[in-house]
Amino acid sequence: MSISSRFSVGIHILTLIEINKDGVSSSEYLAGSVNTNPALIRKIMGMLKKAGLIKVQPGIAGAELAKDLSDITLLDVYKAVNVVKDNELFSIHENPNPDCTVGRNIQHTIEPLFFSAQSALEKVLENVTIEDVVKDVFEKEKLHVKR
């Protein structure tokens with residue numbers, strides 16, 4: 001099982017809102033770029049709004065960033081779209097056999113490893129901003145246009 005695609009779609013939405021800041025970033029427009037249903041975009045936009053990452057006004061099409069793009073980290077997006085609960089990126093199977101050496105000890109053995117791995121992931125996400133993503137998109141577009 002992979003991390004929910006809501007995370008990558010959330011990053012996509014925020015990046016496109018910034019790149020299209022002089023236009024109207026409606027759910028239909030954003031859905032066209034993501035190549036998905038506008039209803040899914042509205043759901044994720046609701047999560048981003050609740051987290052204070054975007055501003056939308058009822059009855060008015062479009063969205064804008066609620067913070068400077070250098071102040072929005074990928075960890076903010078990760079948490080906003082409810083990818084996983086705190087410290088639950090990795091699930092540990094329940095009820096192993098207590099009469100087995102491995103069953104009796106496996107949970108306590110792997111739980112700290114899983115916690116460390118999730119912490120490392122979140123630290124990386126905390127150090128990348130939407131501004132970094134926007135800059136990289138522009139750099140990749142320059143390379144694409146030169147071809």
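Author: T129 lies in the loop between α5 (101–126) and α6 (130–146). Helices are DSSP runs of H or I with at least four residues, strands are runs of E with at least two, and both are numbered from the N terminus. This is a predicted model, where local features need pLDDT of at least 70, side-chain atom pairs count only at pLDDT 80 or more, and totals for chains, interfaces and linings use all residues. Residues are numbered from 1 along each chain as its sequence is written, and side-chain values use heavy atoms, with hydrogens and water left out.

Reader: Is T129 buried or exposed?

Author: Buried means under 20% relative accessible area, exposed over 50%, and partly exposed in between (1.4 Å probe, protein chains only). T129 has 12% relative accessibility, so T129 counts as buried.

Reader: Where is T73?

Author: T73 is one of the residues that T129 touches. Its place is in the loop between β2 (60–65) and α4 (74–80).

Reader: What separates the C-alpha atoms of T73 and N127?

Author: Along the chain, T73 and N127 are 54 residues apart. Leaving aside neighbours within four places in sequence, T73 is in contact with L125, E126, V128 and T129. The C-alpha atoms of T73 and N127 are separated by 6.8 Å.

Reader: Which pattern does the chain follow along the sequence?

Author: The chain has six helices and two strands. Read along the sequence, the pattern is α-α-α-β-β-α-α-α.

Reader: What radius of gyration does the chain have?

Author: The radius is taken over C-alpha atoms, and the globule rule is 2.2 Å times the number of residues to the power 0.38. A compact globule of 147 residues would be near 15 Å. The C-alpha trace spans about 65 × 40 × 25 Å along its principal axes. The chain has a radius of gyration of 19 Å.

Key: Contact = heavy atoms within 4.5 Å.
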